[in-house]
Amino acid sequence: MNPDVLAGFQQSVLPSSLLATAIGAFLGLIVGMIPGMTISTGIIVLLPLTFVLDPNMSIALLLGLYVAGMTGGSFSAILLNIPGTPSASATATDGYPLSRRGEAGRALGISISASFAGGIVSFLCLFLIAPNLAEIALQFQAPDLFSLVLFGLTIICGFASRSLIKGLLSAVIGLAIVTIGQDPVMGSARFTFDQAELLAGIHFLTALIGLFAIPQLIDNLRPGLLGSPGQDAGSRFGSVLPRLADLVCVRLPALIGSLVGTFLGILPGVGGPIAAFISYDYAKKFSKTPEKFGSGVIEGVAAPEAANNAVAGGALIPMMTLGIPGDPVTAILIGALLIHGLAPGPLLFMERGDFAYGVIFSYFWANIFNLVIALAGIRFLVKLLATPKVLLMPTIAILCVIGSYALRNSYFDVYAMFFFGLVGLAMRWLDMPVVPLLLALVLGPQLEEHLRIALTGSHGQIEVFFTSPFSLLFLILSVCSVVWSFWLDRRQRNAAPGG
Amino acid sequence: MARRNVVAALALLAFGAWYAWLSAGLPERHMPNTPGPSFFPLVIVTLLVGLALALLIKGIADLRSGRDRDAPGRLSPGALSAVTAFLVYLGALPFAGFVVSSVIFFAVLMVLYGGRKPLLIGVAATLVPVALFVIFRYGFQIVLPHGVLGF
C-alpha cells in the first residue's frame, strides 16, 4: 500500500482532526439551514480560526462545514420551504409537501441518509480518481498549465453569469486586481503607487471576505428579510431515523443523485443547484410514478440531496489534483491552504502525499460526522433556525473585520476588505456575478506565470500552445465552453419575456 | 438595466484607459521576444476595453429599443446607514481600539437589523464583542486592533 495513504489516514484520525471535523460538521449544519447564510460565508467566518490551527485541523474543520452545510440547507427547505442554501432548492419541491402532510421527520431522515450516500460515493471517486489524475497532471508543461487554467476560467465565467459579457468582465476585473504587487516572474513592482502595503498585492482572502460577506450583510437589511424566518420551525415532527422500506425505495434516486452530483462537481462552475435539479429530473424520469413528483415523495428528496452532497466530493477532485476550484467554496479552501504554504495541485500528491490523502480521509469523516450529528441533534439544531438576525448579522460583521485584520495584522487589509465589499455591492447593482472575479483572483497569478514562462521558453512563439496535445485539448475545451456559454446566453435572452 | 450597463461600460472604459496608461509605464524586459511585466496587464487592457465596448453597445441598443424596464436601483436607507456605520467603525478602529468601537458598531447594527429592546441591545452589544476579543486575543493569540486604551 502507498505509505502516503496510511499516513493520510493516520492524520485524519488524530483526535484533534476528528474533533475539528465534528465541530465543522456541527457548525455547517447550522450555517446551512439558516436562510441568508451561505456555506461560503460560514467558511469566511471560520477563517481567522484556521490561521492558528495546523493545516490538518484547518482543512478538517472547513471540510466538515462544507459537507454538513449542504445537508443543513435541506432542513429549512423541508420545514419552511425556504432553502438554507441554493443547492437545497430542489429538495423543497417534495420535502415541503411531505412536511405539510406531517411527515417532516421522514423527509429529514431521508435527506440526511441520501446526503450521506452522495458523500460516500463521491469520497470513493475522490479517493480513486484524484491520485491518478494528479499523476497525469504531473506531465503538464507551462503551455499545458496555462491552457488548463484558461479552461477553468472560461467554463466558470460561462456558468456563473446570466450575461456572458458581464461574467467575462467580472473575471477580467479580477485579473486586473491580481496584477497589483510584485510581478510573478521578475519581481518588479506594478501598480503599487509607492505604497509598501500594496507590494505584497491584494490578499485573496481580504477580497473574498469583502465581496461575499458585505453584500450579504446589506442584503439581509431588506425589510422582508428582517426578523428570523424559523420562529415556527420548532414544530414537532416524528422520528428522523429512516425506515428500511424507505431506504430501499430511495436506493435508485440516491444512486442517480450521487453519480450525477459527483460528475457535475468535477466540472468547474456547475455547482450544487444545477446538479440537484438535474438529479431530480433524472429520478423523476426513472420513477415508476413520475406524476407523484412535486406532491411529496421521498424519491424527490433523496435524489437532489444525494447530488448536492456528492458535488462537494466531485469539486475536490480538480481542486486537489489541478489546483482548479470547482466552486466558490473550493476556491476559499485553496486560499485557506495557501495561508499554510500548501498549494493544491499535482505536486501536492508528490511532495505532501500524506497531507493530500489526509484531506481525502477528512472528507470521509466529515460525511460520517454529518450523518451522526444530523440524526442525533436535529431537534436541537432546528431550534437554532429561530436565531434572530439582529444578533447574527452584527456578529458576522465583526468577524469579517477580525478575519481581514488577522491576516497580516494590518489596517490596510481591513480597508481593502471594505473596499471590495463596496465593489461587491456595485456588482450586485449591475447584476454582474462575483464568482468569476473570485476565481480570477485564485487562478490569475498562475495564468500569468504559466503564460509568461511558456512564451519565454518558446522565445515568444505562440505556436507552443498548439503543438502540445494537452494544451491543444484544453484550448479546444475553452473555446467550446465559451461558445456553449454564448449559446446558452442567447437562448436565455430569447426565452425571456420581451427578449 | 440598460442604463446601468451604459454607466458601467463608460466607467470600465475610463478605468481601462487609466490602467493602460499605468501599464505602458511599467519597466520592459531587455531579452528579445520575452514578455515583460507590462505584457499581462496589456492583455487585460485589450480584453477589458473589448468587453466594455460590447457592454456599451448592448446597453445603447437596449435603450434604443426601449428594453430598459428596470426601476432605478438605490440602496435602502437602512443599507446606506449600515455602509456609513461601517465606514465610521473602520475609521475609529485605530484610535478607539477593537472593543470600544465594536461595542458601538454592534449596537448600531442591532438597531438597523430591527432590534428594539434597549436592554437586549446594551447587553448583547457589550457581551459579543468582548467575548470575541477574549476568544481571539487570549484563546487563539490573534492580535486585534488596539487603540489608545490598549484594547
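A:His459 is exposed, with a relative accessible area of 52% (exposed means over 50%, buried under 20%, and partly exposed in between, with a 1.4 Å probe and protein chains only). Its phi is near 55°, a positive value in a residue other than glycine. You'll find A:His459 in the loop between H20 and helix H21 (464-467) of chain A; helices here are DSSP runs of H or I with at least four residues, strands are runs of E with at least two, and both are numbered from the N terminus.

This is a predicted model, where local features need pLDDT of at least 70, side-chain atom pairs count only at pLDDT 80 or more, and totals for chains, interfaces and linings use all residues. Residues are numbered from 1 along each chain as its sequence is written, chains are lettered from A and ligands numbered from 1 in the order in which they are written, and side-chain values use heavy atoms, leaving out hydrogens and water.

Now for A:Phe191, which has a positive phi of about 55° although it is not a glycine. This residue sits in the loop between strand S2 (189-190) and helix H9 (196-199) of chain A, and at 9% relative accessibility it counts as buried.

Back to H20(A), which gives the largest share of the lining of the second largest pocket, 7 residues. That pocket has a volume of about 980 Å³. Of its 37 lining residues, the closest to the centre are A:Leu338, A:Val442, A:Pro445, A:Gln446 and A:Glu449. The lining divides into 24 nonpolar, 9 polar and 4 charged residues (Ala, Val, Leu, Ile, Met, Phe, Trp, Tyr, Cys and Pro count as nonpolar, Asp, Glu, Lys and Arg as charged, and the others, Gly among them, as polar).

As for the terms, on a 1 Å grid over the protein atoms alone, a pocket is an open set of points with protein on both sides within 12 Å along at least five of seven lines, a cavity is a set where a 1.4 Å probe fits but cannot get out, and lining residues have an atom within 4 Å of a point. Points are joined across faces, edges and corners, and a volume is the space filled by probe spheres set on them.

By this rule there is 1 cavity of 30 Å³ or more. The largest cavity has a volume of about 50 Å³, and its lining includes A:Leu217, A:Ile218, B:Phe86 and B:Tyr113. H3(B) gives the most to that lining, with 3 residues.
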